Amino acid sequence: MFRGFANVWSPVIEASRLKDKPLPVVLAGESIVLFRGDGGRIGALVDRCPHRGVALSLGRVCDDGHLECAFHGWRFDVSGANRHVPLNPDAKRDQLGATALPVRQIGDLIWVFTAPGIEAPFEPLAPEGLTAPGLMRTYIERQWDCHWTRAMENMLDSPHLPFVHKRTIGRPLLRLMTPQSSMEITWQDTANGGRASASLDGADNGAYLEFFQPNMMALNIPIPGKHLRIHALVIPTEEGRTRLMVAGSRDFATAAILNPWFSWMNGKIADEDRAVVESSGRSETPEPGSERSVATDRATLRFRKYYYDSLRESEAGAPTGPG
Ligand code: FES
Ligand SMILES: [Fe+2]
């Protein structure tokens, strides 16, 4: 399961989308059902009934918080344990459970650990902008026809800004660029992945981005004394498809009436990337060394190395902890 994306935590959806009905989501090719059990606890089960393989998301959440399969009414709790097999009082329920996945709510998002039937060996590490109190946050979503790795490395790529984003976040760079300009990418390994910044002709404007393994980027936009960040959450769904969530966080202009403007801007930036990223088709990003690369590819090459060293080859191997 979860080939190329096993044993990692990933955000999957905004928690506000999970109400009193079971909610199906697809993560890295696997169908998962989310539901709220007793006391509001969240359950994440492989969306397949152990009885006859029916999608559990077709069922309902009963008053006691158990998820009831639509076909023959078997009931499961948030741990996947079988709590009822109708018409079969002697059924060995302890052998008839569904497969659970570790799940957490962190900030506004539901996260799932991509290994079935185990306790998570470590906790998710979320960017500060998604969790810190006192910030106003906005979320938008896009569906892209591409392998998630293509979208992820795009988010770590600074030298595309003055081209793809020449009308938005790349405009300041474009203004300063000359035909002789030189950009230097600095990369620093961190506990969660890495931190990259780009200086143009020796001038660093203070912007930096952080990579949160496996599939998140937080861009820090420097405004003195203020917090303004754009987070890209690159969620693999069906094979060759990606759900991009862009979360903005800010500690100024916090009136909710301004949220549509921030969302619109984040959507516009994401939409600028779309054609370029989708043109790579549904294939995953190539191994480092198999394309022509230059010095400004430093951050994206680090991502490729991480992907091939830690994710692509690990299959169902050891959990890929942060750092
Ligand atoms: S298929 Fe789910 S209870 Fe029979
Ligand atoms: Fe971009």
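The largest nonpolar core of this predicted model comprises 67 residues, and those with the most contacts inside it are Val112, Ala151, Met217 and Val234. A nonpolar core is here a set of buried Ala, Val, Leu, Ile, Met, Phe, Trp, Tyr and Cys residues joined through C-beta atoms within 7 Å. A residue is buried if 20 or more other C-beta atoms lie within 10 Å of its own, exposed if 12 or fewer, and partly exposed in between, with C-beta atoms placed from the backbone. Because domain 1 (9-113) and domain 2 (128-312) both give residues to this core, it lies between them. Alanine 151 touches Trp144, Cys146, Val234, Thr242, Leu244 and Val277, residues up to four places away in sequence being left out; a contact requires C-beta atoms, placed from the backbone, within 7 Å.

Residues are numbered from 1 along each chain as its sequence is written, while chains are lettered from A and ligands numbered from 1 in the order in which they are written. Local features need pLDDT of at least 70 and side-chain atom pairs count only at pLDDT 80 or more, whereas totals for chains, interfaces and linings use all residues.

The division of the chain into domain 1 (9-113) and domain 2 (128-312) follows bounds from an automatic or database domain assignment. The C-alpha centres of the two domains lie 33 Å apart, and 12 residues of domain 1 are in contact with 12 residues of domain 2. On the side of domain 1 that touches domain 2, strand E1 (9-14) and strand E2 (23-27) each supply at least two residues. E1 gives the most to this side, with 4 residues. By class, the side of domain 1 that touches domain 2 has 7 nonpolar, 3 polar and 2 charged residues; Ala, Val, Leu, Ile, Met, Phe, Trp, Tyr, Cys and Pro count as nonpolar, Asp, Glu, Lys and Arg as charged, and the others, Gly among them, as polar. Strands are DSSP runs (E, at least two residues), numbered from the N terminus.

Strand E10 (residues 109-113) is mostly covered, with 5 of its 5 residues buried. Leu109, Trp111 and Phe113 lie on one side of E10, and Ile110 and Val112 on the other. In a regular strand the side chains alternate between the two faces of the sheet. E1 runs antiparallel to E10 and is joined to it by 5 bridges, with isoleucine 110 as the bridge partner of isoleucine 13. Strand E9 (residues 103-106) is likewise antiparallel to E10, through 4 bridges, and valine 103 stands opposite valine 112. Two strands pair if DSSP finds at least two bridges between them. E9 and E10 form a hairpin with 2 residues between them, and glycine 107 in the turn has a positive phi of about 60 degrees.

An open sheet is formed by 3 strands in the order E2-E3-E4, with antiparallel pairing. E2 and E4 stand at the edges, each with a single partner strand, so one side of each is left without a neighbour in the sheet. The twist averages 30 degrees from one strand to the next, angles running from 0 to 180 degrees between N-to-C directions of axes fitted to C-alpha atoms. In strand E3 (residues 30-36), 6 of the 7 residues are buried. E2 and E3 pair over 5 bridges, and leucine 27 stands opposite glutamate 30. Their hairpin has 2 residues between the strands, with alanine 28 in the turn at a positive phi of about 50 degrees. E3 also pairs with strand E4 (residues 42-46) over 5 bridges, where valine 33 stands opposite leucine 45.

Conventions: Two residues are in contact if their C-beta atoms, placed from the backbone, lie within 7 Å.
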